[in-house]
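User: Could you walk me through how to read this structure, starting with how strands pair up?

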Amino acid sequence: MQTSIEGGSAFAYINVDLEPGETVIAESDAMSSMSSDLDMDAKFNGGFFSGLAKAYLGGESLFVNHFTNNTSSTRRVTLVQGTPGNTRTIELNGQEFCLQPGAYIASTPGVSLGIKWAGLKSWFAREGLFKLTVSGQGTVWYGAYGGLLEKEVDGEYIVDTSHLVAYEPQMKLNIQLAGGLFSSFFGGEGFVTRLEGKGKIVIQTRSLSGLADWINPRLW
Amino acid sequence: MQIDITHRPGNSAAKVSLESGESITAEGGAMIAMSGHVQVETTTHKKDSGSILGALKRLVTGESLFLNHFTPNGGPGEVFFGTALSGDMMQYDLNGPGIMVQGGSYVASAPSVDMDIQWQGLGKTFFSGESMFLIRLSGQGPVIFNSFGAIYPIEVNGDYIVDTGHIVAFEETLNYEITKAGGSWLSSILGGEGLVCKFRGQGTVWCQSHNAGSFGAALGPMLKARG
């Protein structure tokens with residue numbers, strides 16, 4: 001399988017060249033174009049109940065699409081997330097990674113998607129009550145609205161609410177005020193997420209809810 | 001006429017430099033700036049031809065009812081065109097077979113380019129959920145179109161599938177049909193891919209990396225209802 005992320009950080013999209021017999025799995029509606037002789041099958045996102053949980057709790061689709069090359073030569077499928085923004089990969093080799101609901105785009109067949117209780121803190125942080133986890137062996141493509149910024153944290157790090165895209169599972173999330181009461185509410189930062197531990201986190205440079213908050217007062 | 005596309009791909013704009021008396025035709029609302037001596041003529045049809053029927057047809061494609069014709073008088077001038085959504089623009093020089101442009105992707109064209117609306121049939125339009133009305137451009141001269149996101153070309157030789165929300169334009173040498181994405185209708189509907197466009201033959205399809213409908217579906221629920 002040869003893959004590449006094109007389109008730069010603003011309009012990232014994924015070209016997946018499948019060799020005969022290979023499969024790539026993608027969230028619902030991620031396919032923008034493909035060779036017509038690739039087989040596309042909609043399947044529950046990891047079983048019926050698990051699929052339901054991911055759909056209603058994890059911001060993902062109930063079904064995922066399996067694109068399989070049953071021809072005798074290389075075939076291409078092009079995948080993209082619903083919003084403009086950047087896309088990155090995680091190479092899993094037995095470890096786990098946590099994703100913000102909706103951040104998952106695609107994966108190779110050895111990857112399993114799970115859903116875990118993220119807690120009220122996560123909900124206050126506008127990251128959802130549940131978090132999506134990816135584990136197993138293989139590649140995961142994920143993305144968000146805006147650019148993606150990777151950070152190695154050792155100790156504490158603070159991320160604005162709705163800007164955290166992905167993090168390693170050992171990271172502890174806490175919600176807190178950005179500063180004192182005054183600066184938190186009058187300085188426009190409100191709540192922030194405090195991450196504690198040693199590990200990798202990924203931050204999105206824009207947020208869709210930020211855009212919506214900007215548009216809403218202007219609608220009349 | 002000289003066309004330069006600047007600020008690609010995120011904030012692209014098309015700068016059209018015109019000789020005195022030379023014209024460019026654009027979709028209503030596309031002009032963002034121009035020289036002071038450029039005259040604007042607004043019609044419901046192609047310059048010096050066409051009819052109100054053409055205009056009504058264009059309205060159903062999602063394009064503006066009106067076309068603007070920009071002409072500098074008494075010296076050369078320039079016009080900048082932009083679009084509402086962020087994304088790329090491209091220039092295509094017609095010289096031979098015509099091209100079909102998805103309603104909404106047309107920005108501007110030289111007066112020597114003929115424009116016609118192709119009604120895609122009720123079935124194709126209704127089931128695709130997209131404005132599968134296409135603008136057929138033919139003749140000679142440059143055309144400018146825009147996309148939501150980046151533009152990538154696919155050289156079709158045989159069959160190729162493109163999601164209906166990702167089509168920008170294609171050469172009319174290609175045949176196409178609106179069909180299911182997967183092996184079965186059930187898979188196509190459950191998998192959220194719905195209907196796709198299957199191109200057949202030889203020619204180029206220009207795709208947009210992003211689907212404006214998907215972006216709208218993500219942002220829409222966060223917006224408050226109109227008061």
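Analyst: Happy to! Two strands pair if DSSP finds at least two bridges between them; strands (E, at least two residues) and helices (H or I, at least four) are DSSP runs numbered from the N terminus. Here, strand 4 (residues 31–35) of chain A runs antiparallel to strand 13 of chain B, with 3 bridges joining them. The partner of Ser35(A) in strand 13 of chain B is Tyr160(B). Keep in mind that this is a predicted model, where local features need pLDDT of at least 70, side-chain atom pairs count only at pLDDT 80 or more, and totals for chains, interfaces and linings use all residues. Residues are numbered from 1 along each chain as its sequence is written, while chains are lettered from A and ligands numbered from 1 in the order in which they are written.

User: How many residues of chain B are in contact with chain A, and which elements do they come from?

Analyst: A contact means that two C-beta atoms, placed from the backbone, lie within 7 Å. By that test, 35 residues of chain B touch 33 residues of chain A. The elements of chain B that give two or more residues to this side are strand 13 (151–163), helix 3 (185–190), strand 16 (195–208) and helix 4 (212–219). Strand 13 of chain B provides the largest share, 6 residues.

User: Which strands does strand 3 of chain B pair with?

Analyst: Strand 3 (residues 24–27) of chain B pairs with strand 6 (residues 67–72) of chain B in the antiparallel sense, over 4 bridges. In that pairing, Glu27(B) stands opposite Leu67(B). Strand 3 of chain B is also joined by 2 bridges to strand 10 (residues 106–109) of chain B, again antiparallel, and there Thr25(B) faces Ser109(B). Chain B has 4 helices and 16 strands in total.

User: Where is the cis peptide bond in chain B?

Analyst: Look at Arg8(B) and Pro9(B): the bond joining them is cis, with omega about -10°. Pro9(B) sits in the loop between strand 1 (2–6) and strand 2 (13–18) of chain B.

User: What about Asp29(A): is the residue buried or exposed?

Analyst: A residue is buried if 20 or more other C-beta atoms, placed from the backbone, lie within 10 Å of its own, exposed if 12 or fewer, and partly exposed in between. Asp29(A) counts as buried because it has 23 C-beta neighbours inside 10 Å. Its phi is near 70°, a positive value in a residue other than glycine. Asp29(A) belongs to the loop between strand 3 (23–27) and strand 4 of chain A.
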